[in-house]
Amino acid sequence: MLIFCGNKILLRDKNYSFDDDGYISNFEVINRSSDLPEAWQNLTSWVNVRDIKTLPEGTELTGLRELWHIAGDKAFSEASGALQFASWFRNVHYCSHCGGKIKPRKNDFGRECESCGAVFYAPISPAVITAVENNGKLLLAHNTAWPDDRYRPGERLEEAVEREINEEVNISVKNIKYFGSQTWPFPNSLMLGFTAEYESGCIAPDGGEISKAGFFTPDEINNMNIPDKASIARKLIDSFLAKHN
Ligand SMILES: [Zn+2]
């Protein structure tokens, strides 16, 4: 059972999972997954608690990035899934069509309106992130990484990759390939990583989202401040560096 206070997770002696149900009596519970229908019990269980005025001894509230540092990939992905469900149950209570109350469904992980029957699922916002290579160099923006680029409804993912790169740095790319994905609960992104090769154009940062950008060699990148190992951005960079070692 994971205990969330807003977007923070409670740790006790650096442990993020609580076995004893009794421990929760220390807190004021808003809602909890154990009250949901049976099918939901297959998911990681969670409890939303109200602001904790005094933390019990040995406990701390921490963000999910910090949790990754403490407990690694598996814990991060478990907690990020649970947090996205927990946030949805903490923040959303009514139907966006008619204002009726929504209740959890019995046969899937959705919720439906008690009045009009509309069905809802936990929101996920896809975002694309792409490592662009050019003759053994890697495109980095802000000298560090890339922004996560919002997917637009109706686009193929490859189109989102092409459009975003073109908008941000004014170049065209080819050989777009899927790399991998990562759930990124800040608040509910699904990061879709791609690799691509430079095709044409001169790098011209858009000046807004991207202030500086360029292609860098592995040696140059090794001397930069690169993103946290928890991020897919870093996994893309590491994969590039491994290939060019
Ligand atoms: Zn409704």
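**View 1. The largest nonpolar core holds 27 residues.** A nonpolar core here is a set of buried Ala, Val, Leu, Ile, Met, Phe, Trp, Tyr and Cys residues joined through C-beta atoms within 7 Å; buried residues have 20 or more other C-beta atoms within 10 Å of their own, with C-beta atoms placed from the backbone. Val 128, Val 161 and Leu 236 have the most contacts inside this core. Among the elements giving it two or more residues are strand 9 (125-134), helix 2 (157-169) and helix 4 (232-243). Helix 4 gives the most, with 5 residues.

This is a predicted model, where local features need pLDDT of at least 70, side-chain atom pairs count only at pLDDT 80 or more, and totals for chains, interfaces and linings use all residues. Residues are numbered from 1 along each chain as its sequence is written.

**View 2. Meet the partners of Val 161.** Leaving aside neighbours within four places in sequence, Val 128, Thr 130, Ile 176, Phe 194 and Ala 196 are in contact with Val 161 (C-beta atoms, placed from the backbone, within 7 Å).

**View 3. A second, separate core has 19 residues.** Leu 11, Val 47, Phe 76 and Phe 89 are included in it.

**View 4. Helix 1 bends at Gly 72.** Helices are DSSP runs of H or I, at least four residues, and strands are runs of E, at least two, numbered from the N terminus. The bend is about 135°, taken as the angle between axes fitted to the seven residues ending there and the seven starting there. Helix 1 (residues 64-91) spans only 19 Å between its end C-alpha atoms.

Definitions and conventions:
The expected span of a helix is 1.5 Å times one less than its number of residues. A residue is buried if 20 or more other C-beta atoms lie within 10 Å of its own, exposed if 12 or fewer, and partly exposed in between; C-beta atoms are placed from the backbone. Two residues are in contact if their C-beta atoms, placed from the backbone, lie within 7 Å.
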